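I opened this entry to record what I looked up about helix packing and side-chain contacts. The notes below follow the order in which I went through them.

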Amino acid sequence: MSEQQEADADLKVIIGWKKASERKLLWEDVSPQSRAVKTLWSQWDRLLFRNGVLCRKWENDIGDQITNHVVLPHTLRLTAFEAHHSHTTASHRGQYQTK
């Protein structure tokens, strides 16, 4: 997964910044970047590495559950979305069946 993240143009930027320093960059350094990079930059304090893979810390509203979600490279997002939303065992199976 880390290799696929490094191959993603946007994730590569964030990964490079996180590995170089835990300090969040200034907006002036980020503003020329893509929308995806800016979005991840805005979540800076929630980003961390687990076994070399970039993850985003997620905490439920109550604060009693914290999990780390893998930040997927662009090439895997559609596959993951379809797997979680369209499969027969998915929690919801498309707009028509949800209605």
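**Helix packing and side-chain contacts**

I began with the contact between two helices, where Asp-10, Leu-11, Val-13, Ile-14 and Trp-17 of H2 meet Ala-36, Val-37, Leu-40 and Trp-41 of H4. I note here that the model is a predicted one. For the geometry of this pair I looked up the axes, which lie 8 Å apart and are set at an angle of about 35°. The handedness came next, and H2 passes H4 in a right-handed crossing.

**Aromatic rings**

How many aromatic pairs does a search of the whole structure find? The search gives one, and I identified the partners as Trp-27 and Trp-41, whose rings are tilted, with 5.3 Å from centre to centre and 55° between the planes. Because Trp-27 lies in helix H3 (residues 27–30) and Trp-41 in helix H4 (residues 35–42), the pair ties together parts that are 14 residues apart in sequence. I checked the exposure of both partners: Trp-41 counts as buried at 13% relative accessibility, whereas Trp-27 is partly exposed, with a relative accessible area of 41%.

**Lysines over rings**

I also asked which lysine lies over the face of Trp-41. The residue is Lys-24, at 4.2 Å from the ring centre. A further case that I wrote down is Lys-18, whose charged end sits over the ring of Trp-44, 4.4 Å from the centre of that ring.

**Salt bridges**

Staying with Lys-18, I found that its side chain also meets that of Glu-22 in a salt bridge, at 3.3 Å from N to O.

On accessibility, I recorded Glu-6 as partly exposed, with a relative accessible area of 31%, and Lys-19 as exposed, at 55% relative accessibility.

How values were computed:
Residues are numbered from 1 along each chain as its sequence is written. This is a predicted model: local features need pLDDT of at least 70, side-chain atom pairs count only at pLDDT 80 or more; totals for chains, interfaces and linings use all residues. Side-chain values use heavy atoms; hydrogens and water are left out. Buried means under 20% relative accessible area, exposed over 50%, partly exposed in between (1.4 Å probe, protein chains only). A salt bridge is a side-chain nitrogen of Lys or Arg within 4 Å of a carboxyl oxygen of Asp or Glu. Rings of Phe, Tyr and Trp (its six-membered ring) pair if their centres lie within 6.5 Å; planes under 30 degrees apart count as stacked, over 60 as edge-to-face and the rest as tilted. Helices (H or I, at least four residues) and strands (E, at least two) are DSSP runs, numbered from the N terminus. A charge sits over a ring if NZ of Lys or CZ of Arg is within 6 Å of the ring centre and within 35 degrees of the ring normal. Axes are lines fitted to C-alpha atoms, for helices over the stretch in contact, and angles run from 0 to 180 degrees between N-to-C directions. A crossing is left-handed if the near helix is turned anticlockwise from the far one by less than a right angle, and right-handed if clockwise. Contact means heavy atoms within 4.5 Å.
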